Amino acid sequence: MANKRFVETYSQGMTNVRKIIVDTETGVNYLLLSSDMTSGCGVTVLVDQDGKPIITPVSSCK
């Protein structure tokens, strides 16, 4: 089985969900937020104080 493209590195909450998801090919971190996973959610790139995407070294993702 091939490696997963996206991995969940952090999760908080059952109803008000917050997750950090990392792209294993680029290392880019994404934030997923939802107040109810059945009615929709939002995803955005996590950025640092300079507005640059937060990157996790790809070697630590796999």
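This is a predicted model: local features need pLDDT of at least 70, side-chain atom pairs count only at pLDDT 80 or more; totals for chains, interfaces and linings use all residues.

Modeller: Start with D23, which is buried, at a relative accessible area of 3%.

What does the side chain of D23 meet? It meets the side chain of R5 in a salt bridge, at 2.7 Å from N to O. The two partners come from distant parts of the chain. R5 sits in the segment before β1, D23 sits in strand β2, and 18 residues separate them. R5 is partly exposed, with a relative accessibility of 36%.

E25 is exposed, at 54% relative accessible area.

K19 forms a salt bridge with E8, and their closest N and O atoms are 3.2 Å apart. K19 is in strand β2 and E8 is in strand β1, so parts eleven residues apart in sequence are tied together. E8 is partly exposed, with a relative accessible area of 46%. Shared partners join R5, D23 and E25 into one network of salt bridges. In total the structure holds three salt bridges.

Now the strands. β1 covers residues 6-12 and β2 covers residues 17-23. They run antiparallel and are joined by six bridges. V7 stands opposite V22 of β2. Four residues lie between the strands of this hairpin, and G13 takes a positive phi near 90° there.

On to the next pairing. β2 also pairs with strand β3, residues 29-34, in the antiparallel sense over six bridges. Here V22 stands opposite N29 in β3. So V22 faces a residue in each pairing, because V7 stands opposite it as well. The hairpin of β2 and β3 has five residues between the strands, and G27 takes a positive phi near 85°.

Last, the setting. The protein chain has one helix and four strands. Along the sequence the pattern is β-β-β-β-α. Buried residues make up 19% of the 62 residues, and D23 is one of the buried residues. The chain carries 6 positive and 6 negative side chains, and the centres of the two sets lie 4 Å apart. The accessible surface is about 4600 Å², with 54% of it belonging to carbon and sulfur atoms.

How values were computed. Residues are numbered from 1 along each chain as its sequence is written. Side-chain values use heavy atoms; hydrogens and water are left out. Helices (H or I, at least four residues) and strands (E, at least two) are DSSP runs, numbered from the N terminus. Buried means under 20% relative accessible area, exposed over 50%, partly exposed in between (1.4 Å probe, protein chains only). Accessible areas come from the Shrake-Rupley method with a 1.4 Å probe; for residues, only the protein chains shown count as cover. Lys and Arg count as positive and Asp and Glu as negative; His and the chain ends are not counted. The place of a charge is taken as NZ of Lys, CZ of Arg, CG of Asp or CD of Glu. Two strands pair if DSSP finds at least two bridges between them. A salt bridge is a side-chain nitrogen of Lys or Arg within 4 Å of a carboxyl oxygen of Asp or Glu.
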